[in-house]
Amino acid sequence: MSGPDQSNSAVSIEHLTVSYQTKPVLVDISLEVPRGTVVGILGPNGAGKSTIIKSIMGFVPRDFGSVRIFNEPVDDACGLVAYVPQRGQIDWNFPVTVRDVVMMGRYGHRRWYQSMRALDRAKASEALESVRMSEFMDRQIGQLSGGQQQRVFMARALAQESEILLLDEPFAGVDAATERAIAGLLAQAKEQNKTVIVVHHDLETAAEFFDAVVLLNRRLYAYGPPREVLDQGLLAEVYGGKLRNLSWRQEEAT
Amino acid sequence: MSMWLYDLLIEPWTHAYFIKAALGGSIIAVACAVLGCYIILRKMAFIGDAMSHALLPGVGIGYLVMNALFPGGFTAGGLLLGALIAAVLTSLCISFLSNAGRIAEDTAIGIIYTGLFAAGVVILTRFQQHINIDLNHFFQGDIYGIAWSDLWLGAAVASVVLAVIIIFYRHLTIVSFDPTMAASIGLPTHFIHILLTVMIALICVAGISMVGVIMIVGLLITPAALAYLLTDRLPHMMIWAAVMGVLSVVLGLYFSEWVNASGGGSIMFVGFLLFIVGLILAPRYGLLAAWLRRRRIVPQADIEDVLKLAYEGCCQLSDMAMGVVRATKAARQMVGEELLDPTSLRQGSILLTDKGRQEAAHIMRSHQLWEGHLIQAGMTAQAAHEAAEALEHLHHREVLVDFAAELEHPVLDVDGRPIPPADSSG
Ligand SMILES: Nc1ncnc2c1ncn2[C@@H]1O[C@H](COP(=O)(O)OP(=O)(O)O)[C@@H](O)[C@H]1O
Ligand SMILES: [Mg+2]
C-alpha cells in the first residue's frame with residue numbers, strides 16, 4: 001500500500017473537527033507525527049492548541065475525524081501518553097511533595113489493589129535525578145520556583161515511561177536554567193525514540209527546539225520543518241494583526 | 001485530686017449517655033475529618049452543604065417505603081438507601097444543570113439543594129403521622145439521646161468510609177490534584193467523584209441523628225480546614241484533622257455539660273474556636289506567623305541606603321542617617337546576603353565585603369546618573385539631589401545604560417566626584 005508509513009506513525013490525526021457548542025475550534029486538521037520526532041505547535045491565543053493536545057488524550061468530543069495513537073483509536077489507547085499540564089491548572093497549595101507528584105507518574109503501572117513497589121520508587125528517583133530536582137524531594141510543590149515546578153512535572157511525565165509526551169506551554173514564564181533543562185529533556189526523549197508534542201508560544205526559539213512545527217489557528221496552516229514553516233508571509237496570515245511584536249524584532253535585526 | 005476538678009473532668013464519664021455521646025461523636029468526627037480533607041482540597045465544601053440538606057426527601061421517602069414494606073420494623077436500611085439515592089441524584093442534577101446552559105455551578109447547587117430540601121419538608125409535613133422524623137431533630141441532632149443502633153450504624157459507616165479512603169488513597173489524591181492526568185492514565189474520574197459524593201451522603205445520614213444537618217457539615221469541613229493550616233502533607237493533614245475532630249467532640253461535650261447547652265451546638269462551637277486559635281497560631285500559615293514574616297522583611301531601600309553610606313565612608317551603625325534601629329536590622333539582613341563583614345558588625349561598625357562594594361558602586365552610579373539626568377531635564381541641583389535619593393533605587397541596568405548614553409558617558413558627577421564604572425558582571 002502507498003501513503004504514509006503506517007508502522008512508524010505515533011500520532012495520526014485525520015480530518016479532526018472539534019467545536020464547543022456552536023463555536024468551531026479545530027476545523028479539518030490532518031497530520032501525522034512519526035515516532036521519535038519533537039513537534040512544536042504554534043499559534044496565537046485561542047488557536048485551539050490546548051484543544052488539540054486534549055484530543056490526543058481522547059478527552060474532547062469530536063464532531064468529525066479520528067485520532068489514532070500507534071494505529072489504535074485514541075479512545076482505546078490509554079496510558080500511552082504522558083501529559084505535562086499548563087501551570088494554571090495546578091493547585092500549588094495542594095499538600096503534596098515533589099516525591100508524591102513524581103510517584104503519581106507510576107500510578108498507571110499498578111492496578112488499584114497493588115501497592116507501589118521498590119521499582120516504582122527507583123523510577124521516580126531516576127526521573128527526578130534527570131531533571132536535577134532530587135534535593136527537593138520532600139518540598140511541598142508550592143515552595144518551589146516556577147521553573148522547578150515545571151521540572152517536577154517533567155519528571156512525572158518521564159516516570160510514566162510513556163512513548164508519547166505532551167507538553168502544554170512548558171516554556172511559558174520559566175527562567176533560563178529551566179529552559180535549558182527542558183530543552184535538554186526534549187533532546188533526551190528524542191534519543192530514546194520518544195515522540196514529543198509541545199505547545200509553544202515563542203516563534204524565535206521554535207527552530208532550535210523542534211524537528212517539525214505545526215502552525216495552527218483553528219485550521220492547520222502549515223506542518224513541516226521549522227525553516228519552511230516559519231515564513232513571514234504565512235506567519236502574518238496566521239497571527240493576523242497580532243504580529244506587531246515579530247515585525248518589530250525584524251526591523252531591529254536589519 | 002480536688003473534688004472540684006473531679007466534678008469538672010471525671011464526673012461526666014460516669015454517665016452512660018455521656019460515654020455514648022463521646023464515642024458516637026468521635027467515630028463520626030474521625031470519618032468526617034478524613035473525608036473532609038478531600039472535600040476542602042477539591043473545593044467541594046458547598047456541595048457537602050447541599051448534599052446534607054438534599055438528604056431530607058431521600059430520608060423521608062426511604063422511611064415511607066420501608067414502613068410500607070415492613071410495617072413498624074426495620075427502617076435504618078431504608079433511610080440509608082433513600083439518602084444514597086438522594087445524594088447521587090443531587091450530584092447528577094448539579095452537574096447536569098451546570099453543564100446544560102448559562103447556569104454556573106454555584107447557582108445550580110443553590111437551586112438544587114433548596115429545591116430538594118423543600119420537597120423533603122413537604123413530604124415530612126404531609127405524611128407527619130407516618131414518619132417518625134422530627135424536623136427539629138434533623139437540624140440539631142440529639143447527641144445525648146443516641147441509641148446503640150445509631151452507634152452501630154455510625155461505626156459501620158465510618159469503617160466503610162475510612163476503608164474506602166485507605167484503599168483508594170492514591171486514586172482519590174490524584175483525581176483531586178490533577179484530574180486531567182488521572183483521566184489520561186485511565187482512572188474513572190467521574191466514578192471517583194460519585195464515590196466521594198456517596199461517602200459524604202453516608203456519613204451525613206449516620207451523623208445527622210447525632211449532631212444535625214448543619215453541624216455535620218461543620219464536622220466535615222472545619223477540622224480539615226484547620227489541619228490544612230497546620231501541615232503540607234496529606235497523610236499528616238488527615239491525622240491532624242481526625243485529632244481536631246475528636247478534640248472538638250470531647251471538649252464540646254464537656255462544655256455542654258458545664259454550661260448546660262445543646263451537645264451538637266457545643267461541639268461545633270468548640271470546633272470553630274479551635275479553628276480560630278489555629279488560624280492565628282498555626283506555625284507557618286497562621287496570621288501571627290504571616291505578620292511576623294512581614295515585620296522581618298527589611299525594605300530593599302534601607303539596604304541600599306546602608307550600602308551607599310558605607311561606600312561613602314560612614315562606618316558606624318550609630319552614624320547612619322536612618323537611625324540605629326533600622327540600620328541594625330538592615331545590616332543583619334545584609335550579613336545574610338554576604339554584603340557586610342560579620343565580625344566588624346559585632347563591634348557596631350560597617351565593613352563592606354567585595355560583593356557589597358560592587359553592589360554599593362552600582363547604587364552610587366545609579367544616584368549620580370539619576371542626578372545628572374534630572375538636572376539635564378531642567379531640575380535645580382538641590383531638587384535633583386533630593387529626588388535622586390528616592391529614584392536611585394530604580395537602578396535597573398537598562399535604565400542606567402540609557403542615562404549614561406544620554407549624558408555622553410560621564411566619568412565625574414555634578415559635584416565632581418568620580419562615577420564608578422558600570423560593572424561587567426551583568
Ligand atoms: N471547555 C470549553 N468550553 C468552551 N469553549 C472552550 C473550552 N475550552 C476552550 N474553549 C475555547 O476554544 C478555543 C481554543 O481554546 P484552546 O484550545 O485552549 O486555545 P489555545 O490553547 O490555543 O490558547 C478558545 O477560543 C477557547 O475560548
Ligand atoms: Mg492553551
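1. In this predicted model, A:Ile13 has A:Leu31 as its bridge partner in β2(A), and A:Val67 as its bridge partner in β4(A).

2. β1(A) and β2(A) run antiparallel and are joined by eight bridges, while β1, covering residues 9-20 of chain A, pairs with β4, covering residues 64-69 of chain A, in the antiparallel sense over five bridges.

3. The pairing continues from β4(A) to β5, residues 72-73 of chain A, where two bridges join the strands in the antiparallel sense. Within this pairing A:Ile69 stands opposite A:Glu72 of β5(A). The two strands form a hairpin with two residues between them, and A:Phe70, which lies in the turn, has a positive phi of about 45°.

4. Taken together, these strands make an open sheet of four strands in chain A, with antiparallel pairing and the order β2-β1-β4-β5. The edge strands are β2 (23-34) and β5 of chain A, each of which pairs on one side only.

5. Turning to the contact between the chains, how many residues does it take from chain A and from chain B? Chain A gives 33 residues to the contact and chain B gives 24. The area that chain A and chain B bury between them is about 2400 Å², with carbon and sulfur atoms accounting for 65% of it.

6. As to specific interactions across the interface of chain A and chain B, the rule finds two salt bridges. In a salt bridge between the side chains of A:Asp91 and B:Lys43, the N to O distance is 3.1 Å. Ten residue pairs are found in polar contact across the interface of chain A and chain B, with both residues of each pair at pLDDT 80 or more.

7. On the side of chain A that touches chain B, the elements giving two or more residues are β6 (81-84), α2 (98-107) and α4 (146-159) of chain A. Of what this side contains, α2(A) gives the most, with four residues. By residue class, the side of chain A that touches chain B divides into 17 nonpolar, eleven polar and five charged residues.

8. For chain B, the domain assignment gives domain 1 (23-217), domain 2 (298-352) and domain 3 (365-426). The contact between domain 2 and domain 3 of chain B takes six residues from domain 2 and seven residues from domain 3. The centres of these two domains, taken over C-alpha atoms, are separated by 23 Å.

9. Domain 2 and domain 3 of chain B bury about 460 Å² between them, of which 37% comes from carbon and sulfur atoms. The rule finds three salt bridges across the interface of these two domains, and B:Glu389 forms a salt bridge with B:Lys308 in which the closest N and O atoms are 3.2 Å apart. Four residue pairs are in polar contact across the interface of domain 2 and domain 3 of chain B, both residues being at pLDDT 80 or more. The side of domain 2 that touches domain 3 in chain B comprises two nonpolar, no polar and four charged residues.

Terms used. Residues numbered from 1 in each chain as written. Chains lettered and ligands numbered in written order. Predicted model: local features only at pLDDT ≥ 70, side-chain atom pairs only at ≥ 80, totals over all residues. Heavy atoms only, no water. Pairing = 2+ DSSP bridges. Domains from an automatic or database assignment. Contact = heavy atoms within 4.5 Å. Buried area = accessible area lost by both parts, 1.4 Å probe. Salt bridge = Lys/Arg side-chain N within 4 Å of Asp/Glu carboxyl O. Polar contact = N/O pair within 3.5 Å; in protein donor to acceptor, adjacent residues only side chain to side chain. Nonpolar A, V, L, I, M, F, W, Y, C, P; charged D, E, K, R; others polar.
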